[in-house]
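Biologist: I have a structure open and want to learn how to read it. Where do I start?

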Amino acid sequence: MSELWNTLGNNLIAVLGAFPHWLVKALVLLGFAGLALAGFFLPKSYIFQDATDRKPWRDLRYWALVVIALEMIPYLFF
Amino acid sequence: MALAGIDFFIIILYFVGVVILGTYFTRYVKSSGDFFLAGKMLPWWAIGMSLVVSDIGALDFIAVSGQGFKYGIVVANFDWIGCLPPIILAAFISAPTLWRAGVYTIPEYMGLRYNNLVRAIQGLLWGLFLTANLGVMFWATGLMLNEFVPIPDTLLGGTVKAVLEPVWGEHWPIMVHIILIGVAVGIYTGSGGLSAVVMTDVVQLVVMFVGGIAVIAVGLYQVGGISGLKEAIYALGPEYSHHFDLLLPVDHPSPYPWPAIIFGLAFVLAPAYWLGNQAIIQRTLGAQSEWDAKAGTLFAGFLHALIPILIAFPGLIGLALYAHEVQNSDLAFPYLIHKLLPAGMTGLVFAAFMAALMSSVDSVLNSAATLWTRDIYQQFLFRRKSDRHYLTVGRILTALFVLGGIFAAPVVNYFESIYQAIQNFLTFIQGPNLALLLFGLLWKRANGKGALAGLFAGLTTSIGLFTLQRFYHLFTQDDPFLYIAWWSFVASVAVTVSVSLLTKPPSPDKIRGLVFRLAREDREVQAALEKRAEG
């Protein structure tokens, strides 16, 4: 039983280990970018629901952009 | 850690100020809604600040710095990739949907979305976890304060030390700290409810940031900035070559190789925490509007981006400056404070430490009281009582949890495995909890039978993998909690989908307003919301 698990585990590690570091990093950054842009597919009425006015600073899609931009900085440098 | 008179003054000022501020909010508590959800009056900035400081505890300062010292910047993943992406999802999907549903707790949502059995199991699991966790938090608090706060030499001209030293030695007994913190937090949480918790959190966040930034500013200056920090650590030898890599290779011996970080942390534990942890989500449920719930969550993301700098970087600075002096990595942070900071500043950092500690305890206390009152007491024991009755029950439970936590805390010391068991328990329930919440929020076809089967499948997988690891060393890591969370989530997803598809779909009336897309597109729900906004 444990041999089977070890074989499965080792194969999985070999597959994941084949991904180069730069590719993993690029995929992570791509994921962040996708998440930031996903907000723009939501209707404006949903974004501003209950907001007292529709001034640009209340547009939460831009808030999400800032948060994700902050997130990307360390992953670009480290 | 030696504290001077000025340090004690700052700490006492902070401590008394927080208790007075928290107790002030008692005047606004007239109903159970005021107590548990702050009367749905919380503004976005308070929600954001409270979310961050509730997440970061005093243990994080010690443990994350220690892990940073040992493994490097990779621990920052817990506060970057482990926070910001799920915060975006929480802001746009879970927070507004749960806020619209008008629920007080996550199990309450599960009950509305699936059935009462799912609610009961979830309520019991979370109630038990939060309550047991209080005992651990109290004990950890006592241990840390005992380590760092000696009986002062100068208090009342040295008389206090002369009297107490023969009885207690150089340090206050652990139980003195536990009782002091427990009673202080219990007073304002039990009287002012969520408003008191959130508003004291606002002050605590400011204190935590000021104290944390002070350590980093002095530390980075000493080490010669970021480039000096890197040079000093790389110079320690090749075993430190990955100390500035956020994504570690698959075969890295630490518990944090990139697949564990991506699959276990980013895909499961982090969303489970930010979307489904009662102690976190409760303040967004108390938002004064849906926009405030979303904005508060995003504001927390903005503030949270700075957290790794406050809690992980001290470990790296400690390594760069005192690699050969610090034997135990968990002592890197206190050692840094002891060596670098002058009197007065030490008091400020200690106040920051207390802020992190008290804000986490009050959040867990308030959420535990809410869960037990709403999901156990009100749902299964005494259904049709007055609102006043449930408010009183919430307050009594808060007091009981403080007392229980204080008395349970020393037990943790005798059974070291209790702490580990509670952490394992959290890992066991996070995967299935996330699967049920995500399907509840996003997939209208998910039903009660599927959820129940998925919950059991996830829990069984967690426990099974944990047992296999114990006896057969299934994973290469010693503590593969991230992998266990991932596979229990996968099992829960597979079973929930299969059973839901094989059984009857829920009726549209049952899930109305509870599924993200339906709540967003339902004209009647929208009209009701607009009417409510108009006044």
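Modeller: Start with burial. A residue is buried under 20% relative accessible area, exposed over 50%, and partly exposed in between. Glu108(B) has 9% relative accessibility, so Glu108(B) counts as buried. Keep in mind that this is a predicted model.

Biologist: Which side chain does Glu108(B) meet in a salt bridge?

Modeller: Arg374(B), at 2.8 Å from N to O. The cut-off is a side-chain nitrogen of Lys or Arg within 4 Å of a carboxyl oxygen of Asp or Glu. Arg374(B) counts as buried because its relative accessibility is 14%.

Biologist: Where do Arg374(B) and Glu108(B) lie in chain B?

Modeller: Arg374(B) lies in helix H17 and Glu108(B) in helix H6, so the pair ties together parts 266 residues apart in sequence.

Biologist: With which residue does Glu290(B) form a salt bridge?

Modeller: With Arg100(B); the closest N and O atoms are 2.6 Å apart. This pair links helix H13 and helix H5 of chain B, 190 residues apart. Glu290(B) is buried, at 0% relative accessibility. Arg100(B) is buried too, at 12%.

Biologist: What about salt bridges in chain A?

Modeller: Asp59(A) pairs with Arg61(A), with the closest N and O atoms 2.8 Å apart. Both of these residues are buried. Asp53(A), Lys55(A) and Arg58(A) are linked in a salt-bridge network. Over all chains, the count is eight salt bridges.

Biologist: What is the secondary structure of chain A?

Modeller: Four helices and zero strands. Buried residues make up 36% of its 78 residues.

Biologist: Which residues of chain A make a nonpolar surface patch?

Modeller: Val15(A), Phe19(A), Leu27(A) and Leu30(A), covering about 390 Å². Phe19(A) sits in the loop between helix H1 and helix H2. At 36% relative accessibility, Phe19(A) counts as partly exposed.

Technical notes. Residues are numbered from 1 along each chain as its sequence is written. Chains are lettered from A and ligands numbered from 1 in the order in which they are written. This is a predicted model: local features need pLDDT of at least 70, side-chain atom pairs count only at pLDDT 80 or more; totals for chains, interfaces and linings use all residues. Side-chain values use heavy atoms; hydrogens and water are left out. Patches are made of residues with over 30% relative accessible area and no salt bridge: like charges are joined within 9 Å, nonpolar side chains (Val, Leu, Ile, Met, Phe, Trp, Tyr) within 5 Å. Accessible areas come from the Shrake-Rupley method with a 1.4 Å probe; for residues, only the protein chains shown count as cover. Helices (H or I, at least four residues) and strands (E, at least two) are DSSP runs, numbered from the N terminus. Buried means under 20% relative accessible area, exposed over 50%, partly exposed in between (1.4 Å probe, protein chains only).
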